[in-house]
Amino acid sequence: MNCKKVIHELTAYLDGVLDSEMRADLELHLSRCTDCRVVVDTTRKTIQIFCNSEPVPLPEDVRQRLHTALMDRFRRNAKTI
Ligand SMILES: [Zn+2]
(Lines give C-alpha, C1' and ligand atoms only; values in the text may rest on other atoms or scores of the structure.)
Protein backbone atom coordinates (compact mmCIF):
# COMPACT_ATOMS: atom_id res chain seq x y z
CA MET A 1 0.00 0.00 0.00
CA ASN A 2 1.36 3.41 -0.94
CA CYS A 3 -0.06 6.93 -0.67
CA LYS A 4 -1.55 6.88 -4.15
CA LYS A 5 -3.35 3.62 -3.44
CA VAL A 6 -4.69 4.99 -0.15
CA ILE A 7 -6.20 7.99 -1.94
CA HIS A 8 -7.60 5.70 -4.62
CA GLU A 9 -9.32 3.43 -2.07
CA LEU A 10 -10.27 6.24 0.29
CA THR A 11 -13.97 6.58 -0.50
CA ALA A 12 -14.46 2.79 -0.41
CA TYR A 13 -12.64 2.70 2.92
CA LEU A 14 -14.74 5.46 4.45
CA ASP A 15 -17.91 3.85 3.10
CA GLY A 16 -16.88 0.63 4.83
CA VAL A 17 -17.04 -1.36 1.59
CA LEU A 18 -13.34 -2.15 1.32
CA ASP A 19 -12.53 -5.84 1.87
CA SER A 20 -10.88 -6.67 5.17
CA GLU A 21 -7.43 -7.45 3.77
CA MET A 22 -7.29 -4.14 1.89
CA ARG A 23 -8.59 -2.27 4.91
CA ALA A 24 -5.89 -3.78 7.13
CA ASP A 25 -3.27 -2.73 4.56
CA LEU A 26 -4.68 0.76 4.41
CA GLU A 27 -4.81 1.13 8.19
CA LEU A 28 -1.24 -0.10 8.47
CA HIS A 29 -0.20 2.59 6.03
CA LEU A 30 -2.19 5.20 7.96
CA SER A 31 -0.40 4.26 11.16
CA ARG A 32 2.89 5.14 9.46
CA CYS A 33 1.97 8.03 7.17
CA THR A 34 0.89 11.35 8.66
CA ASP A 35 -0.01 12.85 5.28
CA CYS A 36 -2.54 10.14 4.52
CA ARG A 37 -3.93 10.29 8.05
CA VAL A 38 -4.65 13.99 7.57
CA VAL A 39 -6.33 13.34 4.22
CA VAL A 40 -8.45 10.52 5.66
CA ASP A 41 -9.46 12.61 8.70
CA THR A 42 -10.36 15.60 6.55
CA THR A 43 -12.37 13.49 4.13
CA ARG A 44 -14.16 11.66 6.91
CA LYS A 45 -15.17 14.97 8.49
CA THR A 46 -16.29 16.33 5.13
CA ILE A 47 -18.45 13.25 4.55
CA GLN A 48 -19.90 13.53 8.07
CA ILE A 49 -20.86 17.14 7.38
CA PHE A 50 -22.56 16.03 4.17
CA CYS A 51 -24.33 13.19 5.95
CA ASN A 52 -25.55 15.44 8.76
CA SER A 53 -27.11 17.92 6.38
CA GLU A 54 -28.40 15.32 3.92
CA PRO A 55 -30.25 12.21 5.09
CA VAL A 56 -29.14 10.38 1.93
CA PRO A 57 -25.79 8.81 1.00
CA LEU A 58 -23.24 11.05 -0.68
CA PRO A 59 -24.32 11.34 -4.33
CA GLU A 60 -22.02 9.70 -6.84
CA ASP A 61 -21.09 12.99 -8.55
CA VAL A 62 -20.13 14.54 -5.21
CA ARG A 63 -18.04 11.48 -4.37
CA GLN A 64 -16.35 11.74 -7.75
CA ARG A 65 -15.63 15.45 -7.31
CA LEU A 66 -14.26 14.84 -3.84
CA HIS A 67 -12.09 12.04 -5.14
CA THR A 68 -10.83 14.19 -8.02
CA ALA A 69 -10.09 17.08 -5.67
CA LEU A 70 -8.15 14.79 -3.36
CA MET A 71 -6.19 13.31 -6.25
CA ASP A 72 -5.32 16.84 -7.43
CA ARG A 73 -4.29 17.82 -3.94
CA PHE A 74 -2.22 14.68 -3.60
CA ARG A 75 -0.46 15.29 -6.92
CA ARG A 76 0.33 18.87 -5.91
CA ASN A 77 1.66 17.69 -2.55
CA ALA A 78 3.73 14.99 -4.20
CA LYS A 79 5.39 17.60 -6.40
CA THR A 80 6.35 19.83 -3.50
CA ILE A 81 7.91 17.05 -1.41
ZN1 LIG B 1 0.67 7.85 2.75
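The legends below describe close-up views of a predicted model.

Residues are numbered from 1 along each chain as its sequence is written. Local features need pLDDT of at least 70 and side-chain atom pairs pLDDT 80 or more, while totals for chains, interfaces and linings use all residues, and side-chain values use heavy atoms without hydrogens or water.

**View 1. Crossing of helices α1 and α2.** Helix α1 spans residues 3-15 and helix α2 residues 20-32 (helices are DSSP runs of H or I, at least four residues, numbered from the N terminus). Their axes come within 10 Å and cross at roughly 125° (lines fitted to C-alpha atoms over the stretch in contact, with angles from 0 to 180 degrees between N-to-C directions).

**View 2. Residues between α1 and α2.** From α1, C3, K5, V6, E9 and Y13 meet M22, R23, L26, E27, H29 and L30 of α2 (contact means heavy atoms within 4.5 Å).

**View 3. The zinc site.** The zinc ion has the protein donors C3 (SG), H29 (NE2), C33 (SG) and C36 (SG) at 2.0 to 2.3 Å (donors are N, O and S atoms within 2.8 Å of the metal, or 3.2 Å for Na, K and Ca). The four donor atoms subtend angles of 105 to 112°, which makes the arrangement tetrahedral (four donors with all angles between 85 and 135 degrees). Along the chain, the donors follow the spacing C-x25-H-x3-C-x2-C. C3 lies in helix α1 and C36 in helix α3 (residues 34-53), so this pair ties together parts 33 residues apart in sequence.

Notes:
Helices (H or I, at least four residues) and strands (E, at least two) are DSSP runs, numbered from the N terminus. Four donors count as tetrahedral if all angles lie between 85 and 135 degrees; four count as square planar and six as octahedral if opposite donors are over 155 degrees apart and all others between 65 and 115; anything else is irregular.
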